[in-house]
Amino acid sequence: MTDQEQFLAAAGELLGERGLTRDPELLQPWLTDWRGRFSGRAMALASPASTAEVSALMKLCAEFGVPVVPQGGNSGMSGGATPDETGHAMLLSLRRMNAIRHFDPTAREITCEAGVILQTLHEAAAAEHLRFPLTLGGKGSATVGGLISTNAGGTQVLRHGSMRTQVLGIEAVLADGKVFDALVPLKKDNRGFDLKQLLIGSEGTLGIVTAATLRLLPALADRAVLWAGLESVTAARALLLHSETIAGDALEGFEIMPRHSLEAVLAHVPGSRSPLQGQHEWNVLIELAADAAGADALPALAQTLLETAFEAGLVEDATIAANEAQAEQFWLLRDEIAPAERALGPAVQHDISVPVARMADFVSAAVPDVEARFPSTRAVAFGHLGDGNVHFHVLAPAGAVRGEWEAGDGKAISAFVHDLVTQWGGSISAEHGIGQLKRDELGRLGDPVQLAMMRAVKHALDPANLLNPGKLVPPCT
């Protein structure tokens, strides 16, 4: 019996028929990333049902030297949960670990296993008149473990922060099978390094997140959703500062989109219509939100925000959603930008950030720079201006062949965009992670001291490189 056969026999005995499969048909859906950019092979799919099983499996993997690729909802954007083509790795699904272990509505804390779906978490919180203040388009498939491992963002980061801010405690299995247990939330704890923060955003390269204690907030009692048309992205930055001054903590979201993106959505979504009569070079979607204590004042606050913005000459036109249905229609226009762009043809997408105060200037400079360097392309920037994070997409010239263009000109464009971002003191990954997609670019552009520290931590916690090899951490060159 070969070492692999011995390992699989032992893993099968440990996990049982339901916890281990080698069936190609059952494996196939999990071997390609959500965007379809990366595909690989795996010796088997392990689906443990408890932290104890994950721990025992990792001890077994360490004994036989078997790499492990952890996977949540397989909805990541950077190929971080896809195995390589060797077939030597074990794909580790946390989807069976989907229990809510503890829920304390009074303390506004909930302890979830890694496989809990984000939408399920939202529903559990809502049943107790609470909310989990992070959402994104893939909430029906994204898991708590995946959100933590990638430090996910979303549209509410402006007010509430990314996933890193929501995690009060964490449980994880390390490369040697030991369990790191820091689930108990402590507001003050000065016992050295904050190790849970080291695991958040590490994309499964330092440990496998099995559970987390998360913070909850009071449910929203009301919201006001506004749409404004502006002449420039610089005016959008001025409107953001104005909104922060007028609305304060009630400012929940601030999203920008250029005219091209809005027109693409209107053409793509049947029955959609622009919230404003005229056409504007830039559009802004603003959401104000309040719990029960501030709900009564919200309509007047929204009206004051718009009136003062008009008086200051910050907007060309604007409106407030008349009801919840119209508010959802406004948000649909924002959420459908990426699908609408895909319908237009090939494109390369960049999830980038620069300092918040410089984002408007960056967009104003980068768009013409890219379009001049790569004739007949169209550069568009949209997203979370208040977080200093935009999705900077470059659409291919007419007639470009999908797949071929991205692999050729698309790579040169991405390198150019990443160079610009680095020159502006920004990050080539704001909220989607590094994974396989940007690992080499991180190695090319990352600060040598920071890269050396990352490699040192990886080697200290995973010396045999068993945890998600080939992801996030660039190899030494």
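## Close-up views of a predicted model

**View 1. A five-strand open sheet.** The sheet is open and built from five strands in the order β5-β6-β10-β8-β9, with antiparallel pairing. Two strands stand at its edges: β5 (100–104) and β9 (179–182). Each has a single partner strand, so one side of each is left without a neighbour in the sheet. From one strand to the next, the twist averages 15°. The model shown here and in every other view is predicted.

**View 2. Strands β6 and β10, with two helices packed on the sheet.** Five bridges pair β6 (residues 109–113) with β10 (residues 208–215) in the antiparallel sense. Glutamate 113 has alanine 211 of β10 as its bridge partner. Helix α3 (residues 51–64) packs on the sheet and touches β5, β8 (167–173), β9 and β10. The direction of α3 makes about 45° with that of β8. Helix α4 (residues 118–126) also packs on the sheet, where it touches β5, β6 and β10. The direction of α4 makes about 35° with that of β5.

**View 3. The β8–β9 hairpin and its turn.** Strands β8 and β9 run antiparallel and are joined by four bridges. Valine 173 has valine 179 of β9 as its bridge partner. Five residues lie between the two strands of the hairpin. In the turn, glycine 177 has a positive phi of about 95°. A salt bridge links lysine 178 to aspartate 176, with the closest N and O atoms 2.9 Å apart. Lysine 178 is exposed because its relative accessible area is 55%. Aspartate 176 counts as partly exposed, at 37% relative accessibility.

**View 4. Cysteine 61 in helix α3.** Cysteine 61 is found in helix α3. This residue is buried, with a relative accessible area of 0%. Beyond its neighbours within four places in sequence, cysteine 61 is in contact with Phe7, Val66, Val68 and Leu466. Glutamate 281 is 220 residues away along the chain, and 55 Å separates the two C-alpha atoms.

View 5. Phe193, Leu195, Leu198 and Leu461 make a nonpolar surface patch of about 400 Å². Phenylalanine 193 lies in the loop between β9 and α8 (195–199). Its side is open to the probe: phenylalanine 193 is exposed, with a relative accessible area of 77%. Lysine 196 forms a salt bridge with aspartate 194, the closest N and O atoms lying 3.2 Å apart. Lysine 196 is buried at 17%, whereas aspartate 194 is partly exposed at 40%.

View 6. Asparagine 74 is not a glycine, yet has a positive phi of about 55°. Asparagine 74 sits in the loop between β3 (68–71) and β4 (90–93). At 11% relative accessibility, this asparagine 74 is buried. Glutamate 203 also has a positive phi, near 55°. Glutamate 203 is placed in the loop between α8 and β10. With 9% relative accessibility, glutamate 203 counts as buried.

View 7. The structure holds 17 salt bridges. In one of them, arginine 444 meets aspartate 419 at 3.0 Å, N to O. The pair links distant parts of the chain, 25 residues apart. Arginine 444 is in helix α16 (residues 439–445) and aspartate 419 in helix α15 (residues 404–423). Arginine 444 is partly exposed at 43%, and aspartate 419 is partly exposed at 25%. Salt bridges with shared partners join Arg223, Glu287, Glu324 and Glu328 into one network.

Note on methods: Residues numbered from 1 in each chain as written. Predicted model: local features only at pLDDT ≥ 70, side-chain atom pairs only at ≥ 80, totals over all residues. Heavy atoms only, no water. Pairing = 2+ DSSP bridges. Axes fitted to C-alpha atoms, helices over the stretch in contact; angles between N-to-C directions. Contact = heavy atoms within 4.5 Å. Patch = residues over 30% accessible without salt bridge, like charges linked within 9 Å, V, L, I, M, F, W, Y side chains within 5 Å. Areas by Shrake-Rupley, 256 points an atom, 1.4 Å probe, with all protein chains shown as cover. Salt bridge = Lys/Arg side-chain N within 4 Å of Asp/Glu carboxyl O. Buried < 20%, exposed > 50% of the residue type's maximum accessible area, 1.4 Å probe, protein only.
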